[in-house]
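Have the structure open while you read.

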Amino acid sequence: MKCDIAVVGSGLAALVATRTLQQAGRNAVLIWPGLSSLYFTYATVDVLGYSDLTTTQPVEQPEAGVAKLIADHPNHPYALAGLDALRSGTTLLIEWLRAAGFTWQGSLARNLLLPTAIGTPKPSCLYPESMAAGDLQRDEPIVFCGFVGYEDFVPELAASNLSRSWGRGDQSVRAIRVSLPGFDTSRLFTSIDLARSFEDKAFRREVASRIRREIAIDSVRVGVPAVLGLTHDTDVYSSFAAEVGHPVFEIPTLPPSVLGLRLFDRLRKHIQESGVEMIWAAPAHEAEVSDGQCRRIYLKSAGREHPIDARAYVLALEDMVDGALRAGVHTVVDPFFHQSLAHHAVPTERTDESLFRPQPFASIGYAVTDRLQPSAGDGHPLARNVFLAGGAIAGYDPVGTKSRGGLAIATGYRAAKEAMAA
Amino acid sequence: MPDTTTGVVVIGGGSTGAGVLRDLSMRGIEAVLVEKGDLASGTTGRSHGLLHSGGRYCVNDLAAAIECVEEGRILRRIARTTIEDTGGYFVSVSEEDLAWEPRFVEGCAKAGITCERISVEEARRREPALSQHVRTVFWIPEDGHLDPFYLVMGNVESARRRGAQARTYTEVTGFIRDGNQLTGVLTRDTMTGEETSIGCKAVINATGAWAGFVARLLDVEVKVVPVKGVMVVLSHRVAHATINRCHKPGDGDIIVPALSVAILGTTAVKVPHPEVLPIEWDEVRHMIEEGSLMADGVSTARAMRAYAGVRPLYDLGAEAEGREMSRNFAVIDHEQRDGIAGFTSIVGGKVTTYRLMAERVTDLVARRLGVTTPCTTAEVPLNDRDDELDQLRHRPAQLGVPKPHGGERPLQPLVCECELVRPQDVTPWFEDAAVRTLEDIRRRTRTGMGPCQAAICSYRLAGRLVTDRHQDGPTATRAMAELLETRWRGVRHVFWGSQLRQAQVTTGLHLELFNLDRQLMLQAEPAAAPEAVGARQ
């Protein structure tokens, strides 16, 4: 198969890169290695939640925060991608979300603090409208509403934690539960089952009336697990909120996170519908390089390898999750150029003793040139027409600073721009 | 006056202590068990789970082998639901192994172990996992898997139904004496620091590798040699039956299919203290390499975690070291040996022979107390009442997992998808005062033992701490984090392949989606912190 530019990846970096190419009128093919597990733990687009790993003070203005981070850390992936790539990529994503029928809010100018399922305030940059009423800079008391028999969102836990860390006093946060019609607690059900049911008008209305009955006072807002519709979420949310009669906000749950599914599924469908060819569930590997140019890569599929010949390639892979890197017992190798990216005499060296501190393995990745081309670490590209985005770049660890979304946007946008210029 | 009184205080909540507690209660002797951690949190819960046919000991340690034969048969009667009758293979892969075979066959005959030589072709037909290196095979039908957690819980629950008590996180700090007679123990709660005293007529020291520390409180010596063993857990069973190397017992020569996983064992390294159990990379690597010699799929299976346990080998004064030392046990009558009336230690031994050890020490103590009721633990099953513990083996059917021949039920809710744990499996334990941490729930229900290593269920369990135990959010969140950290300590040692993907999902969920790292930091900050976050700027 021949194409202009091939984008490989299943996460936000791949989607932003593909959209960037499409908007520029280029013929891009999106090669989707398979359903990424990150789907199931995704909700908002976080650009920069904390300026470093030791602070609990959130970044108020993500764009200014990233600018400072770039100034302080010239080798950080944000610095490699550049602040302009973050700005332009975010504008592109916001417009795309609108075009795809989402009603998302937020901007690079300000982080919102939204409560998580354990009741912790979390700085978020872009977020669905259905989460916005959770804004912890607003004063109204919060009622966390869970569902009987559904333990993937525990309102009592969220309420107890938030009442201690949110300075509005103990009376301002409480937890209730309502039962759901048709959901017998002796049966297994997941967030996806609930999200489907919420698309039904009668179900929604009944749940709303049960919630209304539990809440006696005015001027509260109601936090519910993020299961308000699987595909028609905008209609589901607004009609449900109207029937509850209080501001309602969604809180992402244990996986599968319906918010992540909604985001990725719709963006992927939208880009397909707007004419981008997509190759499904095909992991890619093996870059064939001659004269400093990648001539083709290969797709693994049933029975045989399919070559993809493109003029340029964007490898927008999210670390281990979609097979960007292969971790043997001692050596982590890259599947395209067969470089040894890291060697560890003992596998424990890849980890920190605590799960809650930065993990060395998360930063393993390709060294890149100042144009995001993979390099052997000497500043020279391994192939002039290959560009990296996402978690496979060395030093890319969004976990502690809460910057997964922004890093994906900035690197995805920049890599696409470079691929067009190649 | 002591805070409470009882007949006998049993120190140690492993299989031996639990067995003693049950034996005492069945002879009508009032008893309290005290354990400084959780039940089955020491040697027992860190064993490899091999129900010994005796084959591993029949050449070097005939007495221990004979005990295994007898006790294995008794356990199949009284503890059916803790045992999986897998049978086992003893395989030879080298010249040295072949030279060992005649001694093995002779040892089996002497110990009364059923042992059948089968052709490699027949063995491979039954067990396709056997590797190409395998040259000869013996079938030992009485090897199996013994679930050490269910065994301890089953013994303790059986004793509790007869009026006995078990206090976890209760450490013995001293003894009460009246001249040469022990009249009680002093204890301290290892979590709250609360001190209590229990008056009693006799004390049984069933602390295994820790027996020397307890005895030292009375200025007497019990020489126990702590010998570390490292195990590796694979994410699936690999083989249908246990596989042993047919050679002089050595490192990495056992594979035990245990419920949903397989356990590779083990090493033998003397350690200075039973709680100093470092897991060395060479041990992990060696076990996987040696395991691969016996079974295909060991090196390609996903290794999920590694853990280390400690054998409580009793030093009989011989020159023997580590595996050379007997796995036999001894009852030490401190009244006779040291002039301390009412104090008895039970040392050495192994999980497979826990019941016999309990019987012997209880015989002595009961006689001293003038109780003539005979031991019945070899006859009365553990689950002699309708008991959820009994249901383990039937769990997939209860869950409505589709069966090939009809009878399909809708799936029931699950707390832990990896290990198929239902809400009703965990609920009673939240009402049990002996259960203090989420690790304790794990030991009793297997919640969190599967491939995701508590990534998902830890949140649901934290929720139950708030709803069922009325703990506050920060306490429950800390408990959730501790469960994840404990699991992580084992995961780190086998960190390659898909383990990295799993870790990425776990950190994506807890640190990104939940913001757990900041929650823990906020909780650790002084009380003034609440205003800082989310306050109007």
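1. Start with the second largest cavity: α15(B) gives the largest share of its lining, three residues. Helices here are DSSP runs (H or I, at least four residues), numbered from the N terminus. A cavity is a set of points on a 1 Å grid over the protein atoms alone where a 1.4 Å probe fits but cannot get out, and lining residues have an atom within 4 Å of a point.

2. Keep in mind that this is a predicted model, where local features need pLDDT of at least 70 and side-chain atom pairs count only at pLDDT 80 or more, while totals for chains, interfaces and linings use all residues. Residues are numbered from 1 along each chain as its sequence is written, chains are lettered from A in the order in which they are written, and side-chain values use heavy atoms, without hydrogens or water.

3. Back to that second largest cavity, which holds about 100 Å³ of space. Twelve residues line it, and Thr41(A), Tyr42(A), Ala43(A), Asp46(A) and Glu512(B) are the closest to its centre. Both α10 (404–421) of chain A and α15 of chain B supply at least two lining residues each.

4. Now the largest cavity, with about 120 Å³ of space; a volume is the space filled by probe spheres set on the points, which are joined across faces, edges and corners. Its lining has 13 residues, with Cys452(B), Gln453(B), Trp488(B), Val491(B) and Thr506(B) nearest the centre.

Notes
On a 1 Å grid over the protein atoms alone, a cavity is a set of points where a 1.4 Å probe fits but cannot get out, and a pocket is an open set with protein on both sides within 12 Å along at least five of seven lines; lining residues have an atom within 4 Å of a point.
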